[in-house]
Amino acid sequence: MKNTILSAKGVCKSFAHGGGQVHVLSHVDIDLYEGDFTVIMGASGSGKSTLMYALSGMDRATSGEVLYKGENIVKLSEKRLAVLRCSDFGFIFQQMHLVSNLSLFENVAVTGYLNKSRSASDVNKRVDELLEKMSISHIKTHLPSQVSGGEQQRCAIARAVINEPRLLFADEPTGALNKKNSNDVLDLLTGLSREGQSILMVTHDLKAALRADRLLYIEDGGIVGEMSLPPYEPEERKSREAQVNAWLSSMHW
């Protein structure tokens, strides 16, 4: 049996709008497991990104519990949440949010320095190792504006895992990339998953969803379907795509 790394119970999220309340998440229950590559899909506006933000502490649920290491992160202080996001959670976004006047090396290293658990020399060594793994060590002194979107996203992945997070959150990480760069990024995430990294990814891209061990479908703010898949193998992509397409059709995607 897989170990639960994070568990959400009865999570709701509402926003004030026009004198009323807009309900985006409605009593969501979800468990995330160690080592799983979990993907959430759903139509635009279904609440998938809002759910990811609530689970990661990037935004607070209106009600319900998000339990991590025995703590309800919905109730944590902003300071405690910041520490948690730096030490235990990693984040990859569609827009890379790299610091424009820092080199790729510096963009990754800064996050490592914030953790305080390693010496600067140890952080620098790990940055070099990660940039080599991401195949961008040869451009580590370049600014973000001097490299391609795919190279920027590889840098963002290195930044996300510099502190060896227990759980990696990815929000449409291939949404701004071309086909080749998307495949490269998905290969990197799949590789991390094979190494035991727990990943939760939100996407509308079928090709990205094929990398999942577990697919969840969200509709009108609630989880309405789940599908388990064997580990991704490139040579089985076509049959896997047909299987996932059929499941998505049953979800009215």
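**Helix packing and nonpolar cores**

Phe91 counts as buried, with a relative accessibility of 12%, because the limit for burial is under 20%. The model is predicted. Phe91 belongs to strand β6, which spans residues 89-93. Leaving out residues up to four places away in sequence, Phe91 touches Ser56, Met58, Arg85, Ala156, Ala160, Leu168 and Phe169. Glu195 is 104 residues from Phe91 in sequence. In space, the C-alpha atoms of Phe91 and Glu195 are 18 Å apart.

Helix α5 covers residues 149-161, and helix α6 covers residues 179-194. Their axes are 9 Å apart and form an angle of about 20 degrees. The two helices are therefore roughly parallel, since the angle falls under 35 degrees. The crossing of α5 and α6 is right-handed. On the α5 side, the contact is formed by Gly150, Gln153, Arg154, Ile157 and Val161. These meet Asn181, Asp184, Val185, Leu188, Leu189 and Leu192 of α6. By class, six residues of this contact are nonpolar, three are polar and two are charged.

In soluble globular proteins, nonpolar side chains tend to be buried together. The largest nonpolar core of the model has 49 residues. Leu189 and Leu215 have the most contacts inside this core. Helix α5 gives the most to the core, with six residues. Neighbours within four places in sequence aside, Leu189 is in contact with Phe37, Ile92, Ile157, Leu168, Pro173, Ile199 and Met201. Another core, of 30 residues, lies apart from the largest one. Among its members are Ala8, Val66, Leu81 and Phe169. Phe169 is also one of the residues that Phe91 touches.

Technical notes
Residues are numbered from 1 along each chain as its sequence is written. This is a predicted model: local features need pLDDT of at least 70, side-chain atom pairs count only at pLDDT 80 or more; totals for chains, interfaces and linings use all residues. Side-chain values use heavy atoms; hydrogens and water are left out. Axes are lines fitted to C-alpha atoms, for helices over the stretch in contact, and angles run from 0 to 180 degrees between N-to-C directions. Helices (H or I, at least four residues) and strands (E, at least two) are DSSP runs, numbered from the N terminus. Angles under 35 degrees count as roughly parallel, over 145 as roughly antiparallel, 65 to 115 as roughly perpendicular and the rest as oblique. A crossing is left-handed if the near helix is turned anticlockwise from the far one by less than a right angle, and right-handed if clockwise. Contact means heavy atoms within 4.5 Å. Ala, Val, Leu, Ile, Met, Phe, Trp, Tyr, Cys and Pro count as nonpolar, Asp, Glu, Lys and Arg as charged, and the others, Gly among them, as polar. A nonpolar core is a set of buried Ala, Val, Leu, Ile, Met, Phe, Trp, Tyr and Cys residues joined through side-chain atoms within 4.5 Å. Buried means under 20% relative accessible area, exposed over 50%, partly exposed in between (1.4 Å probe, protein chains only).
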